[in-house]
Amino acid sequence: MSNIKKAFENGKAFIPFITCGDPDLETTAATVRAAVANGADLIELGIPFSDPTAEGPVIQAANIRALKGGVKTDKVFSLVRELRKDVTVPMVFMTYANVVFSYGSERFISTCAEIGIDGLILPDIPFEEREEFLPVCRKYGVDLISLIAPTSENRIGMIAKEAEGFIYLVSSLGVTGVRSEINTDLESIVSIIRKNTDIPCAIGFGISTPEQAKKMADISDGAIVGSAIIKQLAQYGTAAPEHIGAYVKEMKDAIR
Amino acid sequence: MTNQKGRFGVHGGQYIPETLMNAVIELEEAYDHYKNDPEFNRELSELFNDYAGRPSRLYYAKKMTEDLGGAKIYLKREDLNHTGAHKINNVLGQALLAKKMGKTRLIAETGAGQHGVATATAAALMGLDCVVFMGEEDTKRQALNVYRMRLLGSEVVPVKSGTATLKDAVSEAMREWTTRIADTHYCLGSVMGPHPFPTIVRDFQAVISKEIKEQMLQKEGRLPDAVIACVGGGSNAIGSFYHFIGDSSVRLIGCEAAGRGIDTFETAATISTGRLGIFHGMKSYFCQDEDGQIAPVYSISAGLDYPGVGPEHAHLHDIGRAEYVAVTDEEAVRAFEYLSKTEGIIPAIESSHAVAHAIKIAPAMDKDKIIVITVSGRGDKDCAAIARYRGEDIHE
């Protein structure tokens with residue numbers, strides 16, 4: 001059991017996603033600190049991957065910028081060590097299976113535990129393949145976060161029962177990215193999740209405005225926002241942390 | 001213990017987003033049902049024979065055999081299929097399956113354009129909508145195939161992300177599938193991706209080795225000593241190998257694209273230069289850097305320009321049942337020219353990789369040995385690119 005539950009003790013959780021090294025690791029560190037200072041409850045750190053198949057164009061571009069900037073897995077670990085000197089909110093990594101597998105599952109996950117990473121989100125590891133990393137995650141106390149999608153239907157109960165940390169409920173079909181409307185019947189999905197587990201459930205994919213975040217947080221335990229933050233990094237570059245801090249405050253105030 | 005579903009040794013599996021899981025489960029259930037359904041198999045045979053022109057010929061390449069002075073060489077003429085490549089075998093199977101599943105729309109990735117053209121063809125035939133994702137770089141290398149797909153009524157989406165080649169087309173098709181599952185079947189073109197695709201595609205392509213075996217027994221009264229095919233994802237190769245896997249006397253040789261050489265960064269030879277990884281839904285060998293970032297591969301052949309290899313090939317390599325060799329651009333181009341001049345058969349630049357390896361090994365083999373080369377496709381689509389490679393600026 002990791003520290004993730006703490007993120008849900010302060011009302012509804014606001015969870016920003018930040019791609020490490022976009023445009024550079026110093027900006028990532030400043031962005032994380034700005035988000036935490038303004039009420040972020042849990043930080044989702046993306047380790048860039050060359051071919052992020054679950055991402056829309058905005059986060060794809062962030063991955064490319066970060067890799068072009070020379071980000072390596074070891075540099076991301078150093079960033080987290082540095083952040084952990086003062087950042088106490090739970091942090092999780094979001095990356096793709098090959099980044100972990102290639103580094104060596106045991107080596108990667110034990111390092112996560114050592115530097116203070118609480119969980120791992122791997123969008124290309126569905127329930128059926130979780131044994132690839134789960135035994136090692138359990139050994140080191142790093143939660144392997146389960147995702148549930150609008151198409152999960154008969155699978156929701158099965159996934160929820162085994163879930164650890166929190167459940168990442170994908171709001172819509174498709175890839176990450178800002179959406180004007182979210183039409184999935186999320187309330188029904190959340191109610192099935194609630195029947196099967198006590199762990200918190202946060203909704204992500206497509207959320208960008210305070211109104212959307214409030215709506216999502218009202219029916220769950222929190223809102224995850226990625227592309228809307230990455231867009232500000234793309235727009236403001238190294239000056240983005242200040243803008244993102246203000247944005248996080250607005251979003252957290254809306255869902256609190 | 002990892003999930004054993006759809007595994008070939010340690011390879012394979014279903015490494016895909018949760019959003020797609022019910023879609024692949026639905027596909028697996030439908031396939032398990034229809035593969036044993038006599039009506040489905042009758043319809044598919046009819047399509048293979050009357051529409052695609054099967055069985056394809058097994059041709060004794062007499063001049064090539066005499067010129068090389070060693071093993072007797074036969075060509076399995078998949079280039080003579082409708083649409084000019086082996087790709088139609090898989091596509092007719094999957095399109096028929098999609099139709100039975102009540103799907104009304106096909107999406108596909110394509111590298112050289114052969115799979116895209118085949119999918120567009122099957123979609124036209126069966127009255128399905130079709131969208132093909134093709135790397136922007138490949139739309140330039142294979143402009144004629146882009147036109148063909150549009151002529152057949154399909155939409156072609158140029159993919160600009162990443163290296164704008166086959167791997168990016170696969171990623172984009174997967175992304176598209178997650179947005180629209182209910183009415184859409186992803187008609188994957190090779191023996192790769194998540195289970196059940198490597199098995200489904202293999203089964204539909206296995207008609208190649210089934211025919212080779214029958215034809216060889218008829219012509220020579222015995223099995224061949226070697227079967228050679230090119231490998232990108234590996235669909236024509238697994239199709240050519242499948243019914244010989246249990247026949248240990250038959251050498252199975254897959255030819256990967258070495259590009260400018262396996263000691264350069266401009267290569268697509270996965271088994272020679274890659275290592276075990278997880279990507280595009282499967283565990284297999286991939287060209288990647290030390291951090292697991294997928295490498296930007298290169299080959300003159302758009303159809304072999306892929307950083308991974310199908311999981312069954314990875315397994316056949318692990319257990320030593322099949323050999324995998326790397327063939328350079330230059331060797332493939334020479335083979336392209338050689339087969340054209342020697343036999344009057346213009347092979348696809350992909351297939352030319354297999355021809356090139358046969359040219360290397362045949363002379364040292366005894367005259368009573370037999371090699372079968374699968375000519376997976378015709379080379380008309382490659383003429384402009386090969387001319388450019390040779391310094392002649394011709395435009396289609």
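1. Basis of the note. Residues are numbered from 1 along each chain as its sequence is written, while chains are lettered from A and ligands numbered from 1 in the order in which they are written. The model is predicted, and local features need pLDDT of at least 70, side-chain atom pairs count only at pLDDT 80 or more, and totals for chains, interfaces and linings use all residues.

2. Domains of chain B. Chain B is divided into domain 1 (7-48 + 87-201) and domain 2 (53-84 + 206-389), with bounds that come from an automatic or database domain assignment. The centres of the two domains, taken over C-alpha atoms, are separated by 22 Å. Their contact (C-beta atoms, placed from the backbone, within 7 Å) takes 39 residues from domain 1 and 38 residues from domain 2. On the side of domain 1 that touches domain 2, strand S2 (11-15) of chain B gives the most, with 5 residues; helices and strands here are DSSP runs, numbered from the N terminus, of at least four residues (H or I) and at least two (E) respectively. That side divides into 17 nonpolar, 18 polar and 4 charged residues, where Ala, Val, Leu, Ile, Met, Phe, Trp, Tyr, Cys and Pro count as nonpolar, Asp, Glu, Lys and Arg as charged, and the others, Gly among them, as polar.

3. The open sheet. In chain B, 4 strands form an open antiparallel sheet in the order S1-S2-S12-S11, and strands pair if DSSP finds at least two bridges between them. The edge strands, S1 (7-8) and S11 (275-279), each pair on one side only. S11(B) is joined to S12(B) (residues 281-286) over 5 bridges, and Arg275(B) stands opposite Phe286(B) in S12(B).

4. A covered strand. Strand S13 (residues 322-328) of chain B has 6 of its 7 residues buried, a residue being buried if 20 or more other C-beta atoms lie within 10 Å of its own, exposed if 12 or fewer, and partly exposed in between, with C-beta atoms placed from the backbone. S13(B) pairs in the parallel sense with strand S10 (residues 251-259) of chain B over 7 bridges, and Ala322(B) is the bridge partner of Leu252(B).

5. Between the chains. Chain A brings 34 residues into contact with 30 residues of chain B. Helix H4 (97-103) is among the chain A elements that give two or more residues, and H4(A) gives the most, with 6 residues. The chain A side divides into 16 nonpolar, 9 polar and 9 charged residues.

Key:
Two residues are in contact if their C-beta atoms, placed from the backbone, lie within 7 Å.
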